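Please look over the sequence and the fold together before reading on.

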Amino acid sequence: SSGSRLSRASMVLLQASGFPEIVDDNNQPAEAVDPADPVKFKLEKEEADGLQGNEIVLQFLAFSRASQDCQGAPWPKTVYFTFQFYRFPPETTPRLQLVGLDETGRTRSGSLSHLLVLTDKDGSSDAGSPGFQLKYLVDPGFLKPGEQRWFTRYLASQTLQIDVWDGDSLLLVGSAAVPMKHLLRQGRPAVQVLHELEVVATEYEQDMVVSGDMTRFGCV
């Protein structure tokens, strides 16, 4: 699930933390798109767009946990993410340190938010801007003849699967999925969308089959 929209207080808090702003070619802020709004996608409009080059920017800003989840369980000190966008090579981000906020950083679910901060090789926090971002340039030099249509359909119909890992134990924290249809510009210079994603972890408990009892099934 793409989760829910961020509250206005959470958005203000994130914006005040110093994350890099996403701008268009004229250095103007990209148009903000509400992830709850339906996407009116027209392939012909994308193909007729004079801006055939697309720069896809992915930002990882914060990490939280619902207050009712894993009471007393320790927080990971660092996390990193793995995923693959389109036909670019699989991506493994650097380790990102979780920096806790004060009580004003609580989300609507009551969990305490943590900013993601890039760490140096020695494990210390980077003094630069918080968060981590990656850029993918998808232009006519990258795309094969006729591939523009397939890339547009990829954004319109696919979700980006992201795995979240504990940076110290290297164990899987969980997985998230973000729809990419809101990245379709539909003639606009630039768009941006802010998602609050649910990170889901599934644990398996396999029942033992004994004495020929075939009526017991594995449970999840």
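Helices (H or I, at least four residues) and strands (E, at least two) are DSSP runs, numbered from the N terminus. This is a predicted model, in which local features need pLDDT of at least 70, side-chain atom pairs count only at pLDDT 80 or more, and totals for chains, interfaces and linings use all residues. Residues are numbered from 1 along each chain as its sequence is written, while side-chain values use heavy atoms, with hydrogens and water left out.

Two strands pair if DSSP finds at least two bridges between them. Strand 4 runs antiparallel to strand 9, to which 4 bridges join it, and here Y80 stands opposite W165. With strand 6 (residues 96–100) the pairing is also antiparallel, over 2 bridges, and V79 has L96 as its bridge partner. Another 2 bridges join strand 4 to strand 5, again antiparallel, with T82 opposite T92.

Most residues other than glycine have a negative phi. Y86, in the loop between strand 4 (78–83) and strand 5 (91–92), has a positive phi of about 50° although it is not a glycine, and Y86 is buried at 17% relative accessible area. L170, in the loop between strand 9 (159–166) and strand 10 (172–179), likewise has a positive phi, of about 65°, but L170 counts as exposed at 51% relative accessibility.

Key: Buried means under 20% relative accessible area, exposed over 50%, partly exposed in between (1.4 Å probe, protein chains only).
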